[in-house]
Amino acid sequence: MVATVFAGALAAALFATASPSAHGLMLETDGVFSPPAKNVAAQAVTYDQKLVPAGSWISVRQRVQPNGATTVELKVTGLQPNHLYGVHVHQKTCGADPAAAGKHYQDQAGTDPAHVNNKNEVWLDFKTDKSGNGSASAQHTWAFRKGEAGSVVIHSTPGTKGARAACFSVPFAAKP
């Protein structure tokens with residue numbers, strides 16, 4: 001199993017590409033979910049294999065315009081069919097412990113409703129189709145601060161109360 005987790009993490013890391021240009025920056029990375037392993041860092045970790053089975057796939061694309069406007073797109077395959085998921089960008093990379101990803105990334109830090117919402121955070125909630133495929137997109141006028149956004153966490157339900165079902169480490173870029 002360790003070899004599988006390592007191979008999956010290595011393959012996912014190889015697919016991460018970023019290309020800056022006069023039109024901004026685009027990053028795209030994808031991975032295959034594996035169960036957590038205590039001694040091996042995985043890029044795509046499933047904590048709930050009923051909702052996010054091992055072997056399911058994720059792709060995240062980030063576009064940052066020269067003015068800092070950011071779009072994050074998510075695609076998944078192989079998840080539980082016809083299920084509503086909550087997805088947010090989190091501050092840290094994934095780990096064997098679901099809490100390793102830290103809190104939601106926020107443009108302006110805070111805990112009141114003015115801060116915990118889809119305008120101040122990146123929310124990518126979606127519903128899978130009958131085959132377990134889903135996608136979402138979020139656009140913001142702001143860019144991530146360098147080194148402060150590290151993963152996408154898939155939650156068991158939309159909104160802010162769902163358990164962490166899976167995590168995908170993403171090398172998010174800041175304003176070019």
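User: Why is Gly 162 called buried?
Analyst: Gly 162 has a relative accessible area of 13%. Buried means under 20%, so Gly 162, at 13%, is buried. The model is a predicted one.

User: Where does Gly 162 lie, and which residues does Gly 162 touch, not counting residues up to four places away in sequence?
Analyst: Gly 162 is part of the loop between β9 and β10. With residues up to four places away in sequence left out, Gly 162 touches His 155, Ser 156 and Thr 157. The C-alpha atom of Gly 162 is separated by 8.4 Å from that of Tyr 85, and the two residues are 77 residues apart along the chain.

User: How many aromatic pairs are there, and what makes Tyr 85 and Phe 126 a stacked one?
Analyst: The count comes to 5 aromatic pairs. For Tyr 85 and Phe 126, the ring centres are 5.1 Å apart and the planes stand at 20 degrees. Pairing requires centres within 6.5 Å, and planes under 30 degrees apart count as stacked, so Tyr 85 and Phe 126 are a stacked pair. This pair links distant parts of the chain, with Tyr 85 in strand β6 (residues 84-90) and Phe 126 in strand β7 (residues 126-127), 41 residues apart. Both Tyr 85 and Phe 126 are buried.

User: What makes the pair of Trp 142 and Phe 144 edge-to-face?
Analyst: Trp 142 and Phe 144 are 6.1 Å apart, centre to centre, with 70 degrees between their planes. The limit for the centres is 6.5 Å, and planes over 60 degrees apart count as edge-to-face, so the pair of Trp 142 and Phe 144 is edge-to-face. Tyr 105, Trp 142, Phe 144 and Phe 172 form one aromatic cluster.

User: Why do Trp 142 and Phe 144 count as buried?
Analyst: Trp 142 has 11% relative accessibility, and Phe 144 has 3%. The limit for buried is under 20%, so Trp 142 counts as buried, and so does Phe 144.

User: Why does His 88 count as buried, and where is His 88 found?
Analyst: The relative accessibility of His 88 is 1%; under 20% means buried, so His 88 counts as buried. His 88 is found in strand β6. Residues touched by His 88, not counting those up to four places away in sequence, include His 104, Glu 121, Trp 123, Asp 125, Ser 151 and His 155.

User: Which backbone oxygen does the side chain of His 88 reach, and what makes this a polar contact?
Analyst: The side chain of His 88 reaches the backbone oxygen of Gly 159 at 3.1 Å. A polar contact needs N or O atoms within 3.5 Å, so the 3.1 Å between His 88 and Gly 159 meets that limit.

User: Which residues have the most contacts inside the largest nonpolar core?
Analyst: They are Val 52, Val 60, Leu 74, Phe 144, Ile 154 and Phe 172, in a core of 34 residues. Strands that each supply at least two residues of this core include β2 (24-32), β4 (57-64), β5 (70-77), β6 and β8 (134-140). Val 52 touches residues including Phe 33, Leu 79, Tyr 85 and Ile 154, leaving out residues up to four places away in sequence.

User: How do you know that β4 is paired with β2 and with β5?
Analyst: Two strands pair if there are at least two bridges between them. β2 and β4 run antiparallel and are joined by 8 bridges; β4 and β5 also run antiparallel and are joined by 8 bridges. Both counts meet the requirement, so β4 pairs with β2 and with β5. Thr 29 has Val 60 in β4 as its bridge partner, while Val 64 stands opposite Thr 70 in β5. β4 and β5 form a hairpin with 5 residues between them, and Gly 68 in the turn has a positive phi of about 100 degrees.

User: Why do β3 and β7 stand at the edges of the open sheet?
Analyst: This sheet has 5 strands in the order β3-β10-β9-β6-β7, with antiparallel pairing. β3 (44-46) and β7 each have a single partner strand, so one side of each is left without a neighbour in the sheet. Between β6 and β7 there are 2 bridges; at least two are required, so β6 and β7 pair. The bridge partner of Leu 84 in β7 is Lys 127.

Note on methods
Residues numbered from 1 in each chain as written. Predicted model: local features only at pLDDT ≥ 70, side-chain atom pairs only at ≥ 80, totals over all residues. Heavy atoms only, no water. Phe/Tyr/Trp six-rings, centres within 6.5 Å; stacked < 30°, edge-to-face > 60°. Buried < 20%, exposed > 50% of the residue type's maximum accessible area, 1.4 Å probe, protein only. Core = buried A, V, L, I, M, F, W, Y, C linked by side-chain atoms within 4.5 Å. Contact = heavy atoms within 4.5 Å. Polar contact = N/O pair within 3.5 Å; in protein donor to acceptor, adjacent residues only side chain to side chain.
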